Amino acid sequence: MLELAILGFLAEGPLHGYELRRKLAGLSGHVRPVSDGSLYPALNRLVKAGLLDRRAEPGASAAQRYTLSLTAAGRAELLCRLRDADGLDISDSSRFFTVLAFLSHLPDVADQHAVLRRRLEFLRQETSFFHDGDRPLRAEDTTDPYHRGMLLIARATSRAERSWLREVLG
């Protein structure tokens with residue numbers, strides 16, 4: 001997902017490394033901060049794969065700074081990753097929100113809607129954090145106030161998201 005976010009932000013235009021880091025932090029927020037140990041290896045992989053171009057520029061001090069931009073191959077990779085989003089990219093909320101953040105880059109609305117339909121289908125499945133044997137527990141099935149809270153919040157979030165998806169899909 002880090003690579004998808006990098007490709008997505010650079011599809012909007014070239015960025016210096018610190019600008020990209022700021023945008024990534026805004027997207028992932030406090031939940032999953034991006035460390036240098038994750039960001040720079042990801043950038044190096046994308047540059048090596050020909051998906052990004054990195055150009056050195058003189059910095060305000062003695063240190064150089066780098067401008068990153070998306071190559072044509074990088075744009076094609078971004079579109080492919082968005083169009084083919086499935087599995088964990090659909091079922092994991094954080095991953096899906098990363099896909100959603102850049103879904104407007106897909107030029108074909110039918111492709112966008114196909115991704116949204118996959119998410120809606122996933123949200124229609126009966127799931128729970130807790131089970132009694134094979135049976136998913138609902139908020140009404142537990143006396144633990146914290147389990148109940150988790151289940152109520154998840155239910156409300158899922159209902160709101162399904163409503164929004166149905167609205168967008170028309």
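**Exercise 1.** In this predicted model, the crossing of helices α1 and α3 is right-handed; determine which residues make the contact and how that contact divides by class.

*Solution.*
Step 1. Identify the contributing residues. Helix α1 supplies Leu2, Glu3, Ile6 and Leu7, while helix α3 supplies Ser38, Leu39, Ala42, Leu43, Arg45 and Leu46.
Step 2. Sort them by class. The contact of α1 with α3 comprises seven nonpolar residues, one polar residue and two charged residues.

**Exercise 2.** Describe how α1 and α3 are oriented relative to each other.

*Solution.*
Step 1. Recall what is required. Two packed helices are described by the angle between their axes and the distance between the axes.
Step 2. State both values. Helix α1, residues 2–11, packs against helix α3, residues 36–48, at an angle of about 65°, and their axes are 10 Å apart.
Step 3. Classify the angle. Angles of 65 to 115 degrees count as roughly perpendicular, and α1 is therefore roughly perpendicular to α3.

**Exercise 3.** Characterise the largest pocket by its space, its lining residues and the elements that contribute to the lining.

*Solution.*
Step 1. Give the volume. The largest pocket holds about 740 Å³ of space.
Step 2. Locate the centre. The pocket is lined by 25 residues, of which Thr127, Leu151, Ala154, Arg155 and Ser158 are the closest to its centre.
Step 3. Assign the lining to elements. Two or more residues come from each of α6 (93–102), α7 (109–124) and α8 (145–169). Helix α8 gives the most, with nine residues.
Step 4. Sort the lining by class. It contains ten nonpolar, seven polar and eight charged residues.

Definitions and conventions: Residues numbered from 1 in each chain as written. Predicted model: local features only at pLDDT ≥ 70, side-chain atom pairs only at ≥ 80, totals over all residues. Heavy atoms only, no water. Axes fitted to C-alpha atoms, helices over the stretch in contact; angles between N-to-C directions. Helix = DSSP H or I, 4+ residues; strand = E, 2+ residues; numbered from the N terminus. Parallel < 35°, antiparallel > 145°, perpendicular 65-115°, else oblique. Left-handed = near helix turned anticlockwise from the far one by under 90°. Contact = heavy atoms within 4.5 Å. Nonpolar A, V, L, I, M, F, W, Y, C, P; charged D, E, K, R; others polar. 1 Å grid on protein atoms, 1.4 Å probe; cavity = no way out; pocket = protein on both sides within 12 Å on 5 of 7 lines; lining within 4 Å. Points joined across faces, edges and corners; volume = space filled by probe spheres on them.
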